[in-house]
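I am keeping these notes as I work through one structure, writing down each thing I looked up and what came back.

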Amino acid sequence: MITLGIETSCDDTAVSVIENDGKILSNVLTSQEVFHRDFGGIVPEIASRKHAELIGYTIVEALKLANISLRDIDLISVTKGPGLVGSLLVGLEAAKSLSFALDKPLIGVNHLEGHIYSLFLEGAPLYKQKDIFPLLILIVSGGHTELILMENFLIYKVLGRTRDDAAGEAIDKFARFLGYGYPGGPIVEKLGLEGDPNKYEFPNLTFKGSPYEFSFSGLKTAGVYFIQNHPDVVQNDLSNLAASFENALVRILVERTVRAATDFNVKGIGVVGGVSANKRLRETFANVSPINVYFPQKALSTDNAAMIALTGYLHYTIKGETSDLTLDAISRLEL
Ligand code: KG4
Ligand code: ZN
C-alpha cells in the first residue's frame, strides 16, 4: 500500500511517499529557511505564499524519486494542525484535490502525533517494533513540550505539557538575542559544541504542581537578561555561554522525562520533535537514563512528511478512519 504524505504546518513544504508501515520511498523537503532567516522567526504570510509556490513542484519531485505515478497512490495523508492556518490550508487543498481527482481516500492527521511516528519509520530504532509498549514519549518542538504515555499504536495519555513556552521557543529566542536567525536550536548547538556546559548557571525550573509539567519562560527570560547584562561574555566567551544555556534546558527535559519513565515503569523512552535532533540532549539521555531511549534519525527529528504519511496509514489501517473534503485546518490542536 502506497501513502502520500503532505506536511505544510510551518515553514517547510514537505511531501513523502511511503510503502506500507514505514518504508520510505521518497522524502522531499523544500526548506523556506532563507526567506525567514532575516526576520528572526517565521513570517506567516511569506510561509503560505511560499507553500503555494512550492507544493506542486515538491509533489512531483516526491513521486519521481519514489519512481511511482499518481495512479499508484492508495491513500493521501495530510497535516490538519496544529500550525499556521494559511500554511496548513495550502497542504490541505493540495491533498483534497488529489483525493478527489484520483478517487482515493484522504486522511487529516495531527502534526504532534506525526512526530511520534518518526520513531517508527524505516531507519529509526522502532521500525517494525511492536512489543515496546508502554512507551513514554517526550515531544520537544518549536511550539510544544509534552510528556505522553503511549499505551499502544494510536493510544495515548498526556501526562503533562509546558505551562508557558516550549523548549524550542526558549532556545530560538536565546539565539535571536545573540543576533542569530531562525531556527536557533542548531545555531546554539554549534556555538556550544566545544563549550563548558557548567561555566554559567541558569535557573532550574521552580514551580509547584505536577512533576510531569514543564516551564521554560523563566529560563528564556534568564537567558535574555544574561545576554543583555553581559556583553563581555557574549563577545569573548560565547561557546561556554551557549553550552551552559543549552545544558540548563537539556537538564530540565531529561530530569522530568526520566522521572516520569520510572514512575510509569515504561519499557522505553522516545524523544521526538525538532529539539530531539540536539546532540547534548541525546548524549545526556544516554548517560543518565536507566531506561532505553530512542530517537528518530536526525533528519526526521524536524518536520517532514514521512511521519505524516505513516500516521495517516496507521489511522486508516488500524481504525479505518478517513476524512472527507470538508477537512479544515485547525491551528490549535492537542494530541
Ligand atoms: O518539530 P520542528 O521542526 O517544528 C515544529 O513543529 O515546531 O521543531 C523546530 C524546533 C525549533 O525551535 C528549532 O530551533 C529546534 O526545533 N531545533 C533544535 C535543533 N534542530 C531544530 N534545537 C536544538 N538542537 C537542534 N539541533
Ligand atoms: Zn514539528
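**Entry 1: two packed helices.** The model I have open is a predicted one, and I began with helix α5 (residues 167-177) and helix α6 (residues 184-191), which pack at an angle of about 65° with their axes 8 Å apart. Because angles from 65 to 115 degrees count as roughly perpendicular, I noted α5 as roughly perpendicular to α6. I also looked up the hand of the crossing between α5 and α6, and it is left-handed. For the residues that meet there, I listed Gly168, Ile171, Asp172, Phe174, Ala175 and Arg176 on the α5 side, and Gly184, Gly185, Ile187 and Val188 on the α6 side.

**Entry 2: the annotated binding site.** Next I turned to the UniProt record, an unreviewed entry, which lists Ile139, Val140, Ser141, Gly142, Gly143, Asp172, Gly185, Glu189 and Asn278 under "binding site".

Glycine 143 sits in the loop that joins β6 (135-140) to β7 (145-152).

Asparagine 278 belongs to the loop between β9 (268-272) and α10 (279-288). Is asparagine 278 buried or exposed? With 26 other C-beta atoms within 10 Å, asparagine 278 is buried. Leaving aside residues up to four places away in sequence, I found that asparagine 278 touches Gly185 and Glu189, and the record lists both of these under "binding site" as well.

**Entry 3: helix α3.** I then checked the length of helix α3 (residues 85-102), whose 18 residues should span 26 Å at 1.5 Å a residue, and its end C-alpha atoms are 25 Å apart, which agrees. Which residues of α3 are buried? I wrote down Ser87, Leu88, Val90, Gly91, Leu92, Ala94, Ala95 and Ser99, and these buried residues pack against β1 (2-7), α2 (44-66), β4 (75-81) and β5 (106-110). Following α3 comes aspartate 103, whose phi is positive, near 55°.

**Entry 4: helix α9.** I repeated the length check on helix α9 (residues 238-263), where 26 residues at 1.5 Å each should span 38 Å, and the end C-alpha atoms of α9 are 38 Å apart, in agreement. After α9 I came to asparagine 265, which has a positive phi, near 55°.

How values were computed:
Residues are numbered from 1 along each chain as its sequence is written. Chains are lettered from A and ligands numbered from 1 in the order in which they are written. This is a predicted model: local features need pLDDT of at least 70, side-chain atom pairs count only at pLDDT 80 or more; totals for chains, interfaces and linings use all residues. Helices (H or I, at least four residues) and strands (E, at least two) are DSSP runs, numbered from the N terminus. The expected span of a helix is 1.5 Å times one less than its number of residues. UniProt positions are given in the numbering used here, feature names are shortened, and annotations may be inferred rather than shown by experiment. A residue is buried if 20 or more other C-beta atoms lie within 10 Å of its own, exposed if 12 or fewer, and partly exposed in between; C-beta atoms are placed from the backbone. Two residues are in contact if their C-beta atoms, placed from the backbone, lie within 7 Å. Axes are lines fitted to C-alpha atoms, for helices over the stretch in contact, and angles run from 0 to 180 degrees between N-to-C directions. Angles under 35 degrees count as roughly parallel, over 145 as roughly antiparallel, 65 to 115 as roughly perpendicular and the rest as oblique. A crossing is left-handed if the near helix is turned anticlockwise from the far one by less than a right angle, and right-handed if clockwise.
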